[in-house]
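Thanks for making the time this morning.

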Amino acid sequence: MRLTVVGCSGSYPGPDSPASCYLLEEEQDGRTWRILLDLGNGALGQLHRYVDPLTIDAVFLSHLHADHCLDLCGYYVMRKYHPSGAQPQIPVWGPSGTAARMARAYDLPLEPGMSEEFRFLELAPAGSSVELGPFRVEAREVVHPVAAYALKVTAGGRTLVYSGDTGPCAALDELAAGAHLLLAEASFRSGDDNPPDLHMTGADCGRTASAAGVERLVLTHVPPWHDPADAEAEARAEWSGPVELARAGASHTV
């Protein structure tokens, strides 16, 4: 399974990266299957650098904050008005209310909204999974001011867990147990006056990696107002395994 970081800036697009978007690819039955984890603001344009956006098989939205979902608006336009014709409907899994949220974001009537371009589906509850080509995707609700989910993606016997946006919580520790790659958000810095149940620090990410026994840790969603090196240093102080910073355009073999 191949991970390409399309966007990794936290809270809004930064000077070096759009907001959250991660491309996963895996071969099966003679073709490449592709899914997106989140499609935050600024990400759709950058996606063209790595793949034809019309070849995406599905989108999974961790939650409905703009920096994780808003470029679905542009993707709607692309799929509806492309010169080659309207594109086939593809599935979009997200929290309850995703279809209405996206219709409002583009000032569309709720019916049909974007439902002719996307088949909106609710993320499965804990203990269930979505099967799509070579991918199996499990969701677990985590702690955030809105309904938010961490996502576990398995393909080819390998597992990636994406934290989405969350404060430290047992649900993420459990979902990440034994993951080959943990892609974890590090929006906060230790020592700052951080509100609870909103985001994680680099130290929190390191502790989560340690508790879950993951193979590798990749830190993401660092806001432009912080130095990513601070998050990396915090994580390394809490965990002795491999740590990397997500960078737009970087690819990882899971």
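Let me start with strand E8 (residues 135–141) and strand E9, which pair in the antiparallel sense over six bridges; strands here are DSSP runs of at least two residues, helices are H or I runs of at least four, and both are numbered from the N terminus, while two strands pair if DSSP finds at least two bridges between them. Within this pairing, glutamate 138 stands opposite lysine 152 in E9. This is a predicted model, in which local features need pLDDT of at least 70 and side-chain atom pairs count only at pLDDT 80 or more, whereas totals for chains, interfaces and linings use all residues. Residues are numbered from 1 along each chain as its sequence is written, and side-chain values use heavy atoms, with hydrogens and water left out.

E9 is also joined by five bridges to strand E10 (residues 158–162), again running antiparallel, and E9 and E10 form a hairpin with two residues between them, where glycine 156 in the turn has a positive phi of about 60°. Seven of the seven residues of E9 (residues 149–155) are buried, so the strand is largely enclosed by the rest of the structure; buried means under 20% relative accessible area, exposed over 50%, and partly exposed in between, with a 1.4 Å probe and protein chains only.

Turning to histidine 199, we find this residue in the loop between strand E11 (181–185) and helix H6 (202–212), and it is buried, with a relative accessible area of 12%.
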